[in-house]
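Take a look at the chains below.

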Amino acid sequence: KRSCEEGPALVFRWRLLLGYGPSVCQDEEDKYSIYSNLLFKYFLAEGIVCGHNLFVASAKEDPADILKELPAPLFDDAHKNQVNEKETAIKSKQESQESMKIAWRYQNLPRIEVSPAASARIGHYYDVSKMVSPELLQSTKWHRFFLPEEMSLHPEIKTCNMTCGYTRLLQSIQRIIYREGFDGSYPQKKQKNILRIGIQSLGSVLWGDDICCTDNPEDIYSLTKFLYVLRGLLRMSLSACIITVPAHLIQNKAIMERVTNLSDTVVGLESFIGSERETNPLYKDYQGLIHVHKIPRLNSLICDVSGTKDLAFRLKRKLFTIERLHLPPDLSDTVSRSSKQDLAESTKLLRSGCGAMAIGKKHLDF
Amino acid sequence: MFLELNELLNASPERPEQGKLTLLCDTKTDGSFLVHHFLSFYLKAGCKVCFVALLQSFSHYNIIAQKLGVSLTAAKERGQLVFLEGLKSCFDVLFGEEQHVRQTSPLRFVSEDGSNLKTMYEFVRTSLMASGSDSWKCPVLLMDDLSVLLSLGVRPVDVLDFIHYCRVAVCSQLKGNIVVLVHSNDDSEDEANELVVNSLCHQSNLILWAEGLATGFCKDVHGQLKIIQKGSSELKAERTLLRIYQYKIQDKNVTFFARGMSAAVL
Amino acid sequence: MAELEGRGRWGDPWGEGEPGGVRKWWGGGARGRESLGAGVGEEEPGRGGDLERRRKHCGGLGGARGAMGGARGRGSQGESWRKRRGTWQVRGVGGAGATLRAQGLSPYGEVIGRRRRGRLVGSWKGRGVCVFPNGGEAIPISPARGPFPADTAECEGHSLLKTFVAASAHRGESVHIFGFEIPEEELLAGFDPDMTVRLLYQDGFTDPLRWTGEAGGFGAEEFTALGVAGRLARGPAGPVTVVLDSLSWLLLRQPLPAVCQTLGRIPRAAASAGLRVTRILALLHEDLHPPGLVETLRSLAQAVVGVRPAPEGIGSGEDAPRLASMLQRKGTGKVLTKEEYFTVLAGFTPKALGEPTGSVPRDEDADPHSTVDPTANLTFNLRLSDTERRARDGMPLPFHFSAQKKSSLLEASTSGGKIYYEPDAADDLDEEDPDDDLDV
């Protein structure tokens, strides 16, 4: 049984690490930050499996607790998957040889892969239902940043016109990068390694920032300034960073625009929990939608664009998948107009090309 | 340097124009390919270039420039290119050890309360001033991108003051060119950014505006480019020319075509 | 010789109006009027009556224009123009007396003088005249704006400002241009050498914030009533026009109340230095300011000209047509509003291109989505020109009956048809049986 497929959102992150070097990734949190936390943990778990160093920062949960709750990897999965793929390949071949009598026009169209990353597998699979084993955790080197703790540890610190939580975090990251030799300025003693940084719920009130409570915050530039310096730090070192941001709470839209501008990858999660789409039969297979707002263009003119940006995710008991959003075939005799309408609306929303969110109804590009 | 864009703009590296302010804008897409174009264009043209790169690192620009046939390291060594790496300088200013770096850095404003960009202007001016020995053509100031300054807490008027003085020094006194990239998004309610964009629109001679397709993402058409050539008001009122092309970015080149004339559509 | 007195009298936004000065409006007197057309020329130049008539003439110019040989183009009501030494002199809005060299050009502008106690009073005198070039509102750079004509990318106001400058200089006033946006050589380019003598550029462009410490420039902090008056005093005596290029630059760097108060005090400060400020011209980029600020300035200014790009099809290919919306406060408390297309020719002479008709869309602020035209911006043509439409309408359709065919058919029907029936031998029909002919 396959336990998890890593969708493009994670794959991109992974490829960044492998091929493109340091970068900032940004997750816009879903409303109840369930799934963004999950993605956050996937990112860290991948680091454990690959033997990277970790840096976990939070203002809410103790980093040790976050690490304990990471999903357990499935190592024997690769083999299973190969078998699986063979099976599906045979199956699809058989299917394609069946001739279509009525919908004959579709005969020669290629079959659409449901999960885009299924064939080109990068990274590992995880079992959401199990926690990572303590032995594995002990073998990884990780660093912690827990804001309440830091406040009491180093009370004296210069703020550089930034919310003090951010300044502390930056200094902490910088310290570790220099101490552990991730900056690449002098040869590392051991083999080159990568530092994976995870920052949880950046911009929330617990960090001492007020952008979530008011439209006109006291220091509107704190977050963007932090991101800019962090970006510089990452570019100068062997590290990658994932940040979750409660985008739905940030009142001033301009801030999100600038935050997007300053990060390399931006992925938004829209969970159906509590939204009217939860009850919509069209989405019954999914738990939410993934909006890819920004894809990095690092060291290249072009960016790595998959065929589609209409992605949805689902969380089963053990498995978290990201799939191409598919409409279920309309088999019922009585067409419910309302749901069709809604679907049209939602697909329109999904048509977001690299951050482009536009309503296509009134435009004619070609 | 994208030859097709040169043709559209009627420009060639043999005879670069002088005293012009070019505004690059992007809305809902990434317009950085225009920056790469102008960087390689002016380096090939033999201009002295001061590149204030705020958004990406030197290696990023260098790798892409190599794909376009220009070596930034070589240009730096022969004194043609002055590269200000914003990401690095900003970090040095905030966390650097040396005191004198903090005092003299062009990005000194980051650590100060006032957001005066005078130090950055002085950096631009001194790096573009002819130093007798070199024989480069007109100086060029290139900036990527101006919106970052706003993110760093600089007030929009201070950004405009900075551009004003750069115009005086580079365009008016040294008869050089300025190319500036800004992001723009009407929906974002970012008034400070819109003020900068609108103001620069008034001052610029040429506006290149890259936009994501309104109908969404497309594999073969990456966006459209509006070329707004402002008629001068110097002698009489002149018509402003607006042309729109669609483009597709490839690995080492960008192709432009009339709207709806993409190879994938035809 | 008609001497007209300009006096600020009503709606004085800048504080107390200054004493009315004497200015020559129309130097030509009766001699200058000889070609003005029927019904005007024979009048002797007496003060009251002459001016009365002159005013009437001005008001009825739209009609009178036709009588004047050589005058072409659609004129607008209320323009005042006059031939003087072979050239047409025009009173434009805000008192810009531009001179049209070419005879017969339709001048642009409207009368701003009116008769009052036997004298014409210019109500704009010494007041701020704001020119609002419309930039951002009309810049169709946002993708959401929908289709725009190709030549409306932006509408700059500098060329219009220069026509006002040229008009002032032509009247013999010295024009002090406080330039912050454009370098001197660019601003003074295109003016006649004899006119350039009267233009004094106060250099606020090179070093307005004192960063480089160059001497002689006009700093932004110098923009106070006294500072400006001090600069004016350095120029020659006589009437002075103050030009601000642009007010936007100042307003972004100084608070609005301070700027407005300074504008109000400039004429008085200059008067104490023995100078008479006839008008203040200021350029404002409307899209850089919040609407409230723009409205405030509108309420303070004596005359406002907003510039927008004209829709396609106005003017010839060479021109850069603009649409000017003028608002002008008159001495009696009347407010004149008008819209007109214009362009600026070489030498900074304005040329009117007629008034917009009702059909011209003016929904600058309307949501473009609501009026998206699917036929616009296509790579093929879905529109019909008038000639094409006529040709199409003229095309007979296959199912249409021509008159000839119709009549021939009608003819045939009148003649009618008859059935001649000769019973056959086998035709043994039984009248009673309806099924008789069936072969059963």
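## Chain C at a glance

Chain C has 12 helices and 16 strands. Both are DSSP runs, numbered from the N terminus: helices are H or I with at least four residues, strands are E with at least two. The model is predicted, so local features need pLDDT of at least 70 and side-chain atom pairs count only at pLDDT 80 or more, while totals for chains, interfaces and linings use all residues. Residues are numbered from 1 along each chain as its sequence is written, and chains are lettered from A and ligands numbered from 1 in the order in which they are written.

Of the 440 residues in chain C, 40% are buried. A residue is buried if 20 or more other C-beta atoms lie within 10 Å of its own, exposed if 12 or fewer, and partly exposed in between; the C-beta atoms are placed from the backbone. Two residues are in contact if their C-beta atoms, placed from the backbone, lie within 7 Å. Take the contacts in chain C with a separation of 6 or more: 66% of them join residues 24 or more positions apart.

## One residue of chain C

Leu256(C) lies in helix H9 (residues 256-272) of chain C. Leu256(C) is partly exposed, because 15 other C-beta atoms lie within 10 Å. Leaving out residues up to four places away in sequence, Leu256(C) touches Leu251(C), Leu293(C) and Thr296(C). Thr296(C) is 40 residues from Leu256(C) in sequence, yet their C-alpha atoms are 9.3 Å apart.

## Where chains meet

Chain C gives 35 residues to its contact with chain B, and chain B gives 34. On the chain C side, helix H4 (158-170), helix H8 (247-253) and strand S15 (335-345) each supply at least two residues.

Chain A also meets chain B: 38 residues of chain A are in contact with 43 of chain B. On the chain A side, H7, H8, helix H9 (253-262) and strand S12 (352-353) give two or more residues each. H8(A) gives the most, with eight residues.

## Helix H7 of chain A

Helix H7 (residues 164-179) of chain A has 16 residues. At 1.5 Å a residue, times one less than the number of residues, the helix should span 22 Å, which agrees with its end C-alpha atoms being 22 Å apart.

Buried residues of H7(A) include Leu169(A), Leu170(A), Ile173(A) and Ile177(A). Among the elements covering the buried residues are strand S2 (53-58), helix H6 (147-153) and helix H8 (222-235) of chain A. Just after H7(A), Gly181(A) takes a positive phi of about 75°.
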